[in-house]
Amino acid sequence: MTYGEMFEKVKTVLTEADASDISEHLAYQFHITGEAEGIFYVEVKDGQIHVEPYEYHDRDAQFTCSADTLFKIASGKQDPVMAVTFGKLKVEGNIEKALKLKSFIGKKKS
């Protein structure tokens, strides 16, 4: 899988997530390692999720993982806290805001 293929797939999955109850601004950067290596960011603003293939310098948290781990988390099949526990996901930055990812990821809009 190329970075472009991975990005399009993850963008589709993440923009389908329901963040309507998130009122604060959240900015996350993802650093994908291994196959499909690259960087992209996810911004939650006014309950909307935006995913772009750029680096976000003023981020709240940065996540580092493989594309496989990312897809499992994004689809709700892998708990992000457990991924950290098992060393599949590395988190840097504001942990409180990083944990808010769990409140909307894998949760589909109704």
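## Asp79 and Lys102

Asp79 counts as partly exposed, at 25% relative accessibility. In this predicted model, the side chain of Asp79 meets that of Lys102 in a salt bridge, with an N to O distance of 2.9 Å.

## Lys100 and Glu24

A salt bridge joins Lys100 to Glu24, and the closest N and O atoms are 2.4 Å apart. This pair links distant parts of the chain, 76 residues apart. Lys100 sits in the loop between α4 (95-99) and α5 (101-104), while Glu24 sits in the loop between α1 (3-15) and β1 (26-33).

Both partners have intermediate accessibility: Lys100 is partly exposed with a relative accessible area of 25%, and Glu24 is partly exposed with 28%.

## Asp68 and Lys72

Asp68 and Lys72 form a salt bridge at 3.3 Å, N to O. Both residues belong to helix α2 (residues 67-74), where they are four residues apart, about one turn of the helix.

Asp68 has a relative accessible area of 47% and is partly exposed. Lys72 counts as partly exposed as well, at 39% relative accessibility.

## Total

The count comes to five salt bridges, among them Lys102 with Asp79, Lys100 with Glu24, and Asp68 with Lys72.

Technical notes
Residues numbered from 1 in each chain as written. Predicted model: local features only at pLDDT ≥ 70, side-chain atom pairs only at ≥ 80, totals over all residues. Heavy atoms only, no water. Salt bridge = Lys/Arg side-chain N within 4 Å of Asp/Glu carboxyl O. Helix = DSSP H or I, 4+ residues; strand = E, 2+ residues; numbered from the N terminus. Buried < 20%, exposed > 50% of the residue type's maximum accessible area, 1.4 Å probe, protein only.
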